[in-house]
Amino acid sequence: MTDAPPLVLDIDGTLTRPEGGIDPRVFEPVREWPAPVVLATGKAFPYPVSLCTFMAIEERVIAENGGIAHVNDEVLVHGDRERTTAAVEAFQAAGGDLGWGDVDLVNRWRETEVAVTLDADEALLREVAAEHDLEVVDTGYAFHLKQPDMSKGLMLERVADRLGYEPAAFAAVGDSENDVSTFERVGRSFAPSNADDRALAAADVTLDGAHADGTLDALARLRA
Ligand SMILES: O=C(O)COP(=O)(O)O
Ligand SMILES: [Mg+2]
């Protein structure tokens, strides 16, 4: 294989099993991929960094829906956490609950945006977001309260530049609306069958397989 494209891979819903957790079958093809692999996720910064570390691949990550990234010994920051913090305080003052319990590991190491459980008061969250010029993204795993001008795709432009590629040189796999901004910029995009309507509509290719089954199929097609 000589011309496998660089990859942008979402994590939840894409590298995972339907019942949750990373599908270990993705480790080898990702580790052996002959071009750069960027993990692009809504998770807080340390999560994809750790995943790369334990997969023994370069720590090339876009985290927090494009709020922060690491590539080539450089940290790139886009989001402004203070704006989100003010909105979270308003949400909580109006009776909203982020929903992660007393020890909130989901947000503990976030630097730019905030994640809220899917069973939180969505109408209140959207109302507060609008009042603070923020938006709510539903990844299927959490609501994310973030700046509208922050996305995985926008951060991919900066990461791709550091890696010496055009964003269009990349192929991407992703399952939800937070991957649409990536799909809009890459040359080839794939959505596993569990993807939400927005990801399915934006993807070039809809895969028959769900979760990592679909992703493994996409990776095999890209190397065929
Ligand atoms: O944790 C989430 O809400 C979504 O994460 P993902 O972007 O890796 O799918
Ligand atoms: Mg996902």
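Biologist: Which residues does UniProt list for "binding site"?

Modeller: The unreviewed UniProt entry lists Asp-10, Asp-12, Asp-175 and Asp-179. They are spread over 170 residues of sequence but cluster in space, with a largest C-alpha distance of 11.0 Å. The annotation "active site", also from the unreviewed entry, covers Asp-10. UniProt positions follow the numbering used here, feature names are shortened, and annotations may be inferred rather than shown by experiment.

Biologist: What kind of model is this?

Modeller: This is a predicted model, in which local features need pLDDT of at least 70 and side-chain atom pairs count only at pLDDT 80 or more, while totals for chains, interfaces and linings use all residues. Residues are numbered from 1 along each chain as its sequence is written, and chains are lettered from A and ligands numbered from 1 in the order in which they are written.

Biologist: How many helices and strands does the chain have?

Modeller: Helices (H or I, at least four residues) and strands (E, at least two) are DSSP runs, numbered from the N terminus. The chain has nine helices and 11 strands.

Biologist: Where do Asp-10 and Asp-175 lie?

Modeller: Asp-10 is in the loop between strand E1 (7–9) and helix H1 (27–31). Asp-175 is in the loop between strand E9 (171–173) and helix H7 (180–183).

Biologist: Is Asp-10 buried or exposed?

Modeller: A residue is buried if 20 or more other C-beta atoms lie within 10 Å of its own, exposed if 12 or fewer, and partly exposed in between; the C-beta atoms are placed from the backbone. Asp-10 has 28 other C-beta atoms within 10 Å, so Asp-10 is buried. Asp-175 also counts as buried, because it has 30 C-beta neighbours inside 10 Å. Over the chain, buried residues make up 46% of the 224 residues.

Biologist: Which residues does Asp-10 touch?

Modeller: Two residues are in contact if their C-beta atoms, placed from the backbone, lie within 7 Å. Not counting residues up to four places away in sequence, Asp-10 touches Ala-40, Thr-41, Val-173, Gly-174, Asp-175 and Asp-179. With that exclusion too, the contacts of Asp-175 include Asp-10, Gly-13, Gly-140 and Asp-196.

Biologist: Which residues come nearest to ligand 1?

Modeller: A residue is near a molecule or strand if its C-beta atom, placed from the backbone, lies within 6 Å of it. There are 13 residues around ligand 1, and Ile-11, Asp-12, Thr-41, Gly-42 and Thr-139 come nearest. For residue classes, Ala, Val, Leu, Ile, Met, Phe, Trp, Tyr, Cys and Pro count as nonpolar, Asp, Glu, Lys and Arg as charged, and the others, Gly among them, as polar. The shell around ligand 1 has four nonpolar, six polar and three charged residues.

Biologist: What radius of gyration does the chain have?

Modeller: The radius of gyration is taken over C-alpha atoms, and the globule rule is 2.2 Å times the number of residues to the power 0.38. A compact globule with 224 residues would have a value near 17 Å, and the chain agrees, with 17 Å. Along the principal axes, the C-alpha atoms fill a box of roughly 55 × 35 × 30 Å.

Biologist: Which phi value does Ala-56 have?

Modeller: Ala-56 is a residue other than glycine with a positive phi, near 60 degrees. Ala-56 lies in the loop between helix H2 (46–55) and strand E3 (61–63). With 8 other C-beta atoms within 10 Å, Ala-56 is exposed. Asp-133, not a glycine either, has a positive phi of about 55 degrees. Its loop runs between helix H5 (122–131) and strand E7 (135–138).
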